[in-house]
Amino acid sequence: EDFETEVEAARAAGFEVLAAYDKGEEGDIMWWDSLAGHWNLSGFKHTPLGRRVTDWLVWVLEKAWVAPSGSSAVHHLLCQTADDLVAGGQKKIFTPMFFMLCRKPLKK
């Protein structure tokens, strides 16, 4: 990834950039991995089947007036957003973990 635009903006504002990198690239597990879904107890809800099951459950709860009206639509939107976050993370289109350490020089 190229964060040169962000680094140059910080410099243009008068900051000294001490470090700038994607912290999401550190470690063995990528930031989007938990949203991708895995076939285990904690990751099942994010699999395609798990999302269909929870979608159906929220729809049933909404129709039974246990969940507020619109809950099913919001749940569906959140599931689609999670899919899009995973796709964007896998393609390295964006990162929520860009780290930039800057220092404002003292004026003398």
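**Figure 1. Make-up of the largest pocket's lining.** By class, 6 nonpolar, 3 polar and 4 charged residues line the largest pocket. The model shown here and in the other views is predicted. The volume of the largest pocket is about 150 Å³. Its lining counts 13 residues. His46, Thr47, Pro48, Arg51 and Asp83 lie nearest the pocket centre.

**Figure 2. Helices around the largest pocket.** Three helices each supply at least two lining residues: H2 (33-36), H3 (48-63) and H4 (71-90). The largest share comes from H4, with 5 residues.

**Figure 3. Proline 48 at the largest pocket.** Pro48 is among the lining residues nearest the centre of the largest pocket. Proline 48 belongs to helix H3. Its relative accessibility is 55%, so proline 48 counts as exposed, the cut-off being over 50%. Lysine 91 is 43 residues away from proline 48 along the chain. The C-alpha atoms of these two residues are separated by 19 Å.

**Figure 4. Aromatic pair of tyrosine 21 and phenylalanine 99.** The model has 4 aromatic pairs. One of them joins tyrosine 21 and phenylalanine 99, with 5.3 Å centre to centre and 50 degrees between the planes. This pair is tilted. The pair links distant parts of the chain, 78 residues apart. Tyrosine 21 sits in strand E1 (residues 16-22), phenylalanine 99 in strand E2 (residues 98-103). Tyrosine 21 has a relative accessible area of 32%, so this residue is partly exposed. Phenylalanine 99, at 29% relative accessibility, also counts as partly exposed.

**Figure 5. Aromatic pair of tryptophan 39 and phenylalanine 44.** The ring centres of tryptophan 39 and phenylalanine 44 are 5.8 Å apart. Their planes meet at 55 degrees, so the pair is tilted; stacked would need under 30 degrees and edge-to-face over 60. Tryptophan 39 counts as exposed because its relative accessibility is 66%. Phenylalanine 44 is partly exposed, at 29%.

Conventions
Residues numbered from 1 in each chain as written. Predicted model: local features only at pLDDT ≥ 70, side-chain atom pairs only at ≥ 80, totals over all residues. Heavy atoms only, no water. 1 Å grid on protein atoms, 1.4 Å probe; cavity = no way out; pocket = protein on both sides within 12 Å on 5 of 7 lines; lining within 4 Å. Points joined across faces, edges and corners; volume = space filled by probe spheres on them. Helix = DSSP H or I, 4+ residues; strand = E, 2+ residues; numbered from the N terminus. Nonpolar A, V, L, I, M, F, W, Y, C, P; charged D, E, K, R; others polar. Buried < 20%, exposed > 50% of the residue type's maximum accessible area, 1.4 Å probe, protein only. Phe/Tyr/Trp six-rings, centres within 6.5 Å; stacked < 30°, edge-to-face > 60°.
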